[in-house]
Amino acid sequence: MYEKLNNFEKIVFAILSIVLVVFYSVAAVYKPAATQYHRGLFVIITYVLVFLSYKSKIPYLRFVDYIFIIVSIVSVGYWILNFESINYRTGAENTLDKTMAVIGVLIGIEVARRVLGYAFVIIGTIMLLYGVFGESAIIPEMFAHSGDTFVGLCTSIYYMADGVFGIMANVLATYVLLFVIFGAFLMRCGAQSFFIDFPLAAVGHKIGGPGKVAVIASGLFGSISGSAIANTVSTGAFTIPLMKKAGFKPHVAGAIEPAASIGGMFMPPIMGAGGFIMAELTGVPYSKIMLVAVFPALMYFFSVFVMIHFEAKKHNIVGEKSDINAMDILKKEWFYLLPLIIITIFMLLGYSAGYSAILGLISCIVVSFVKKETRIDFKGFAEASITGTENSLKIGATVGVIGIIIGVLTSTGLVLTFADIMIELADGSLFVTIVMIALASLILGMGVPVTAAYLITAVVAVPALTHLNVNPIAAHMIVYWLSQDSNITPPVCIAAFAGATIAKANMWRTAISAFKFAKFLYLAPFLFGYVPGFSLVGTSRDIIVTLVLIFFGTWLYSFLLSGYWIKSIKNMFSSDNSIHKK
């Protein structure tokens, strides 16, 4: 998107990108600015850059984009400058307050439409209509509420604590933006080649080697990319052709990469945006959420790894031998791991996620000077800032519609209604509740980005899980894991379709294969629900025993799902028959 801008627009984009990096870096290292500036600046720059880079499809309507930019600055700027006054007159807003609120809500919807398409916008629009027509005869009695005027509802959504400038805006501005930018700096310093070369040398020559390379590379890259789709496209561009060359069928090669890439959403230190939202919702330090997340994430990668191994054994697929030794690469390029290690250590020591991200970013700049071609000078700093900011727009564009959805759910009491309905339908069964959440998140994920799907589902589903005595972190982990299923589960499965495109394979065969390789995605939520030790609850001995049993159970689970044992049984019977014939 940035490359398609004219020179003036590129300068504006670059300046605003650097402003974002500097402003939020200072906020993370020292202290955040007041609420209205901390959240408002992020929203206002995101809106401006969206209208700047996601242009109107009709060229002569480009002036409309600039009108939207001006309107965005005015409406969000009004909230920033009048923050205290608006809070003071809550419930007695004047005409100008209400006008700006309506404009702000509608602008948020247009931002989402530009970046994310119509499906997400339709969901937000339905929620707006539900908020207005709550007393309508077509609304079932259990979902009915007193309703509101359109202007009144927009005013509540725009100014309330759970609305447009609520939890999503805060999490994005405080954590996610910095880690997305950190990821851009890590790639800019040359780490991406290490993330491919090291696993290629380590396992590329073994049974199913290229597929296993995809798993390890996705674990390394995915831990900082924050997007299963971005992970699939970036590492898949190298690993998928390699898998096809080794002998994997195109649809299988296209499926392995997205199945592995989803694991990056569970892997600390970053875990996409979900981990930060989880910390915000639970009030639990992010360092503790990281500790709970590590073992399940490793088991997810282990499960995909085992299934690839037996898939390769079925078809006798072995990678090409390489003269490069993995330890030689590690000795020469170990420093590329430093930024991730620094972030992890400082978060575990109790420093804030934002502060740790800035230390990681600084270490990327230091590491970049090891090689002349990767040095991050001022130009490199600007380029990495632009890349990070551009990557952040896809998640930042959700803030307006997420504010509508969460605002309506909260103001109408639908949160409690949904929880009650879920508890009643499940009739006290945790198993049924988890299945219902899986279905809800899959349906929601068809039109909503997975991070947004997690936040929305968590608001309504976590109370039902905690009612069934699931501890809060485990309850959020159940919802978070299941919110990722739309990436690889038909009919939407965008990450699987991205893999199919690279592999030049049939979309649906690829999606079904990805669904098969990612099966641990559906086992983990039940482990979180039924096995306390999986979320590190219990005595040290109980936790260790639990984790060991789950490790071997994961191997067996993956082995059985791979279908390799079926071939072994067939071979055994065919050899017995041949002996009898003789």
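A residue is called buried when its relative accessible area is under 20%, exposed when that area is over 50%, and partly exposed in between, as judged with a 1.4 Å probe on protein chains only. The model is predicted, so that local features need pLDDT of at least 70 and side-chain atom pairs count only at pLDDT 80 or more, while totals for chains, interfaces and linings use all residues. Residues are numbered from 1 along each chain as its sequence is written, and side-chain values use heavy atoms, with hydrogens and water left out.

The protein chain averages a pLDDT of 87, and 96% of the residues score at least 70, pLDDT being the predictor's confidence in each residue, from 0 to 100. Among the elements of the chain, the highest mean, 95, belongs to helix 2 (residues 35-53), and the lowest, 64, to helix 28 (residues 564-581).

The protein chain holds 28 helices and 0 strands, where helices (H or I, at least four residues) and strands (E, at least two) are DSSP runs numbered from the N terminus. Its radius of gyration is 25 Å, close to the 25 Å that the globule rule gives for 582 residues, so the chain is as compact as a globular protein of that length; the radius is taken over C-alpha atoms, and the rule is 2.2 Å times the number of residues to the power 0.38. Of the 582 residues, 56% count as buried.

Leaving aside residues up to four places away in sequence, Serine 535 touches Val292, Asn471, Ala474 and Phe528, a contact meaning heavy atoms within 4.5 Å.

The second largest pocket is lined by 24 residues, of which Met127, Leu409, Phe418, Leu444 and Ile456 lie nearest its centre. Helix 6 (118-132), helix 19 (399-411), helix 20 (414-426), helix 21 (430-445) and helix 22 (450-467) are the elements that give two or more residues to this lining, and helix 21 supplies the largest share, 6 residues. A pocket here is an open set of points on a 1 Å grid over the protein atoms alone, with protein on both sides within 12 Å along at least five of seven lines, and lining residues have an atom within 4 Å of a point.

Note on methods
1 Å grid on protein atoms, 1.4 Å probe; cavity = no way out; pocket = protein on both sides within 12 Å on 5 of 7 lines; lining within 4 Å.
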